[in-house]
Amino acid sequence: MYLFLAFLLVPIIEIALFIQVGGLIGLWPTLAIVVLTAVLGTLLVRTQGRMALANLQRSFAELDDPTEPLAHGAMILLSGVLLLTPGFFTDAVGFALLVPGIRVAVFRYLKSKATITHFQMGTGAQFRSGPESFSQDDVIDGEFTEVRPRKEPGKPSKWVEGPHQH
């Protein structure tokens, strides 16, 4: 239902704002503002996106919870989409999402509404070392037979020959 309302209300708000702003300053200044905000927004999104990626890489390197850097990256991506969408309302929301304090507030709000039932990093494999760490269950008994290759000494196997060598 919220998504339906967004798809219904956002275009209505944008049309009303275009009419109001266009009536105040004229057609060409209105279009110039729309293009300028798209260009400025792209530059800001690129800069903040790099910082968000660096924060995400740092959280992975330090084995921290990557949830917050991922959320910031997603909000910056959403900001870029909104800033490239022509309109004053979408530009205002897009620029707002570029403010780190607003992103933190949005993240905290969304985090308070979410319920996490399971979180795991890595494969869950456990590594052991040393002879005391092995039990009888870890030993696999088997037999082997050494197979000598049937080839002439000094001549490479057909497996290592290239497609044009014969």
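These questions and answers walk through a predicted model of one chain.

Reader: What percentage of the residues count as buried?
Author: The chain has 166 residues. Buried means under 20% relative accessible area. The share of residues that count as buried is 19%.

Reader: Among contacts between residues at least 6 apart in sequence, what percentage join residues at least 24 apart?
Author: Contact means heavy atoms within 4.5 Å. Of the contacts between residues at least 6 apart, those joining residues at least 24 apart make up 63%.

Reader: Are α2 and α3 roughly parallel or roughly antiparallel?
Author: Helix α2 spans residues 27-61. Its axis and that of α3 come within 9 Å and cross at roughly 170 degrees. Angles over 145 degrees count as roughly antiparallel. The crossing therefore makes α2, relative to α3, roughly antiparallel.

Reader: How many nonpolar, polar and charged residues does the contact of α2 with α3 have?
Author: From α2, the contact includes G41, V45 and Q48. From α3, it includes G73, I76, S79 and G80. Gly counts as polar here. By class, the contact has nine nonpolar, ten polar and no charged residues.

Reader: Is S79 buried or exposed?
Author: S79 is found in helix α3. Leaving aside neighbours within four places in sequence, S79 is in contact with V45, G94, L97 and L98. The relative accessible area of S79 is 0%, so S79 is buried.

Reader: Is L43 buried, partly exposed or exposed?
Author: L43 is found in helix α2. L43 has 47% relative accessibility, so L43 counts as partly exposed.

Reader: What separates the C-alpha atoms of L43 and G80?
Author: Along the chain, L43 and G80 are 37 residues apart.

Reader: Which element gives the largest share of the lining of the largest pocket?
Author: The largest pocket has a volume of about 410 Å³. Its lining takes two or more residues from each of α1 (2-25), α3 (67-84) and α4 (88-97). The largest share is seven residues, and it comes from α1.

Reader: How many residues in the lining of the largest pocket are charged?
Author: The largest pocket is lined by 16 residues. A6, V10, L82, F89 and T90 lie nearest its centre. By class, 13 of the lining residues are nonpolar and two are polar. The number of charged residues is one.

Methods:
Residues are numbered from 1 along each chain as its sequence is written. This is a predicted model: local features need pLDDT of at least 70, side-chain atom pairs count only at pLDDT 80 or more; totals for chains, interfaces and linings use all residues. Side-chain values use heavy atoms; hydrogens and water are left out. On a 1 Å grid over the protein atoms alone, a cavity is a set of points where a 1.4 Å probe fits but cannot get out, and a pocket is an open set with protein on both sides within 12 Å along at least five of seven lines; lining residues have an atom within 4 Å of a point. Grid points are joined across faces, edges and corners, and a volume is the space filled by probe spheres set on the points. Helices (H or I, at least four residues) and strands (E, at least two) are DSSP runs, numbered from the N terminus. Buried means under 20% relative accessible area, exposed over 50%, partly exposed in between (1.4 Å probe, protein chains only). Axes are lines fitted to C-alpha atoms, for helices over the stretch in contact, and angles run from 0 to 180 degrees between N-to-C directions. Angles under 35 degrees count as roughly parallel, over 145 as roughly antiparallel, 65 to 115 as roughly perpendicular and the rest as oblique.
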